[in-house]
Amino acid sequence: MFIRKRLIDDILARKGSVIVLEAPAGMGKSVLLRQIADRTGASVHLGLNPPGKGDALTLWDIPPYGKPVPLPETLFAPGRRIIIAKRPDAELEGLTRAFAYGHGICVAPEALLIDAEEARALPGAHQTEDYVDRCGGWPLAVFNGHGIADVAAFIQSEIIRSVTSEELVDIKQLLAGGEVPARRESRLMPFALVGEGDRLTLNVRIWRQDLEEAVDTAIGLRIATPAGARAVAEAYAGHGRIVDSITTYQSAGFMDNALQQFNRAGGLFFIYRHGPGAFDQVLAGFPHSYAQQSELLVLCLALQACKRGDISRARRLLVDRFGDQAEDLEAVFGPRSVFSREFREFRFLMLIYEDYRFTEESLESLYRLAAEFPSDAHLFRGSLYNSVLEFYIRQRRFAEAEEAAQRAMYHYEAAGTPMLCFYISLHQAMMALIRGDTMLARKHAARAAGSLGNVAFETPNDARLQMLLEACIEYEGGRAEPLARFLNTEIDDFSHGEIWPSLMDFTLLYGSQAMATHFSLLAARGFLDRWRVFQVSNLQFQTLVNIREAVVLQNANRWSEAADRLRDIALPVGRAWMLADPARLALISDRDEIGLALVWLRQMLHEQPDLPDLLVMLDHTIANLNITDRQRMALGVWLAFIHKRRQDLTQARALLLRIFEDAARLGSIAPLAEEKVFLGELMDNKRISAFLAASPSARQVIRKLRDSGHLAAVSGIRSELTRRENKILVMISEGAANKSIAGMLGVSEATVKFHLGNVYRKLGCKTRQEAISTARAAGIVG
């Protein structure tokens with residue numbers, strides 16, 4: 001047997017009539033008393049009754065599972081000493097008096113642990129020293145670790161059975177890697193020790209699984225009684241383990257307590273504080289009948305349905321609880337509304353998920369509702385400004401949107417919700433990209449990453465949103481690899497997650513452009529079809545997808561298909577509408593109408609570049625205050641194209657120089673990359689390209705466009721073809737016959753054959769199919 005000589009010397013050297021060894025089971029108290037007895041010749045008294053009169057040194061080993069008889073004062077009379085070994089839950093009356101009069105000394109339980117010096121003195125120290133360290137110096141584990149048949153049962157019955165619910169949760173918190181303030185550490189020995197900053201640290205690293213099992217068993221026994229369940233739930237809440245606290249109340253049937261805790265932990269905003277997994281778990285713990293009686297729970301269930309993309313279920317939940325009036329927006333938001341402000345705030349949120357077309361009246365209702373919440377209701381006020389932000393983004397009123405974003409950010413920061421702060425920074429970065437300001441987008445993206453890093457739970461889809469944002473910023477700067485990688489590896493999981501409606505616009509824009517450029521037309525259309533199916537019932541979203549598909553077709557030189565797609569879009573804006581009154585182009589404000597007008601202008605620029613009204617239409621569109629800077633870049637390229645067609649190279653060069661220098665300043669080339677159909681022809685003109693090459697900023701943009709494959713190096717073939725020959729080449733690649741081409745161009749079939757003969761000669765081909773293959777290889781057709 002290993003004799004703990006140094007510890008025995010220390011105990012015997014202490015002054016005091018009463019020396020107490022108070023420690024949990026397995027700390028070697030009884031063995032130590034026997035070794036002291038062997039050293040001193042004293043005898044060990046084992047029992048609940050105190051030893052009688054005897055020698056100068058008395059050794060009392062108090063057994064567990066009983067109440068010892070009070071300590072008589074005669075045992076700490078002058079000339080006598082008593083050493084007592086007991087567990088922390090053994091309450092010995094008389095000790096308090098002994099300590100009060102200075103007769104008693106308590107040996108700290110840490111002193112009973114095997115330290116490094118003792119470990120080196122053990123037999124086979126080179127093998128046991130590490131084991132002792134992993135045991136945390138716990139004597140039982142060191143000397144008898146392999147002799148216990150059921151470790152979990154031993155720990156549960158002999159050590160943690162008597163600890164408080166608060167201390168049980170302390171151990172669970174330590175096992176989960178959390179922090180615990182030092183309390184009655186003796187009760188948690190040998191599993192926890194006081195470390196730096198007066199915090200408990202996990203001490204024993206072996207038998208971890210057994211310890212976890214023992215703790216879970218003990219907690220399960222506690223929550224089987226109402227009082228125990230309350231104690232455990234309160235202990236969980238004290239550690240900030242709100243989900244465990246709520247589910248403990250639920251398992252014990254205390255639904256009102258669970259709901260109160262849920263409400264205090266965020267209520268409708270619980271998901272942003274604790275994560276979607278915790279949100280789902282807690283909601284599942286409330287019985288349906290109980291949930292139907294609570295406005296808060298019904299709103300949370302409706303929010304859960306919205307986030308899963310099931311808007312119809314969200315509507316059904318509201319109607320079942322609040323009646324048909326929940327669907328009547330006038331009844332909900334009108335001056336005589338009977339609905340709570342919380343319900344109305346949520347109903348606005350649902351309108352965003354429904355992609356509802358907000359009006360100025362909607363905006364006024366939002367501001368009136370905001371006035372009903374106190375200034376410190378930060379989560380509600382922040383969410384209202386978030387709704388205002390979405391309204392302005394859709395209206396392309398970015399100055400007002402930025403102000404709404406800053407107000408929302410102020411409230412979300414004050415509420416301490418980094419998840420919601422992340423969403424605001426994400427929208428700010430997205431707006432910067434839409435405006436064409438990549439530098440500002442980088443700043444907001446960095447702030448978004450910081451907020452996401454402060455979120456205390458896992459949010460995989462939000463991490464993908466951040467990844468997509470950063471990839472799009474790199475794409476704007478000319479690096480396509482991150483976005484191509486994202487679309488190749490992450491898009492499946494991403495498309496099944498929750499995406500805010502305005503972010504879908506952003507995703508469609510960059511995703512379809514990158515797919516078409518770096519994969520294929522087929523891949524780009526497949527990408528769009530996936531989103532079309534995802535939002536099959538949302539007509540506004542379907543319009544957005546169709547507009548993007550038309551652009552993709554145009555960029556692939558599939559102009560006839562693009563025109564068919566544009567004609568299928570059920571909006572008033574179209575070729576005839578624009579030609580009838582070009583001035584209307586300066587006044588439209590709807591996001592989709594602006595997008596559709598721009599794609600129609602692009603189509604007309606290709607089909608009828610000499611149309612007299614085209615320049616007028618472009619001028620009116622540029623004058624529209626709702627056009628983004630990104631869209632203005634495209635319009636500038638088109639305007640330069642028209643000037644070049646009209647032999648005004650001076651004006652064309654000046655326009656392009658300004659556009660390229662703006663792109664360099666903003667760090668954004670993606671808007672120019674999407675206009676390669678027209679830029680290619682412009683850059684093939686030596687006077688234009690030489691003029692631009694004289695500017696360092698423009699030269700930098702040109703190099704990025706060429707390096708990223710947006711300006712093809714094989715432009716010589718295209719420059720040899722006339723515009724009419726290029727157009728006929730595109731038409732035959734789309735499968736058009738000579739007669740059909742003649743009809744579309746308003747020329748004879750013989751003229752078509754003449755132009756085709758020139759195409760064959762310049763491409764060095766003999767057949768129609770050979771010409772198409774050569775043109776595709778050169779990037780002239782898709």
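Here is a walk through this structure, from a sheet to the nonpolar cores and a few single residues.

Keep in mind that this is a predicted model, so local features need pLDDT of at least 70 and side-chain atom pairs count only at pLDDT 80 or more, while totals for chains, interfaces and linings use all residues. Residues are numbered from 1 along each chain as its sequence is written, and side-chain values use heavy atoms, with hydrogens and water left out.

Let's start with the sheet. It is open, with five strands in the order E2-E3-E4-E1-E5 and parallel pairing. Helices (H or I, at least four residues) and strands (E, at least two) are DSSP runs numbered from the N terminus, and two strands pair if DSSP finds at least two bridges between them. Strand E2 (44-46) and strand E5 (104-107) stand at the edges; each has a single partner strand, so one side of each lacks a neighbour in the sheet. On average, neighbouring strands are turned by 20° against each other, direction ignored. For such angles, axes are lines fitted to C-alpha atoms, for helices over the stretch in contact, and angles run from 0 to 180 degrees between N-to-C directions.

Now look at strand E4 (residues 81-86), which is joined to strand E3 (residues 57-61) by five bridges, the two running parallel. Leu57 has Arg81 as its bridge partner in E4, and Asp61 stands opposite Ala85. Five bridges also join E1 to E4, again parallel, and here Val18 stands opposite Ile82. Helix H1 (residues 5-13) packs on the sheet, touching strand E1 (18-22) and E4, and its direction makes about 130° with that of E4. Helix H2 (residues 29-40) packs on the sheet too, touching E1, E2, E3 and E4, at about 160° to the direction of E3. Contact here means heavy atoms within 4.5 Å. Why is E4 largely enclosed by the rest of the structure? Because five of its six residues are buried, where buried means under 20% relative accessible area, exposed over 50% and partly exposed in between (1.4 Å probe, protein chains only).

Next, the cores. A nonpolar core is a set of buried Ala, Val, Leu, Ile, Met, Phe, Trp, Tyr and Cys residues joined through side-chain atoms within 4.5 Å. The largest has 129 residues, of which Phe262, Phe270, Leu318, Phe346 and Leu483 touch the most other members. Helix H24 (residues 418-435) gives this core its largest share, 13 residues. Leaving aside residues up to four places away in sequence, Phe270 touches several residues, including Ile242, Phe262, Phe279 and Val282.

Leu318 sits among the buried residues of helix H18, along with Ile311, Ala314, Leu317, Val319 and Phe322. Helix H17 (295-307) and helix H20 (341-353) are included in what covers them. After H18 comes Gly323, with a positive phi near 90°.

What about the cysteines? The structure holds zero disulfides, a disulfide being a pair of cysteine sulfur atoms within 2.5 Å. For Cys306, the closest cysteine sulfur is in Cys300, 12 Å away and so too far for a bond. Cys306 counts as buried because its relative accessibility is 3%.

One last stop is Asn685, in the loop between helix H39 (676-683) and helix H40 (686-693). With a relative accessible area of 19%, Asn685 is buried. Not counting residues up to four places away in sequence, Asn685 touches Lys644 and Leu649.
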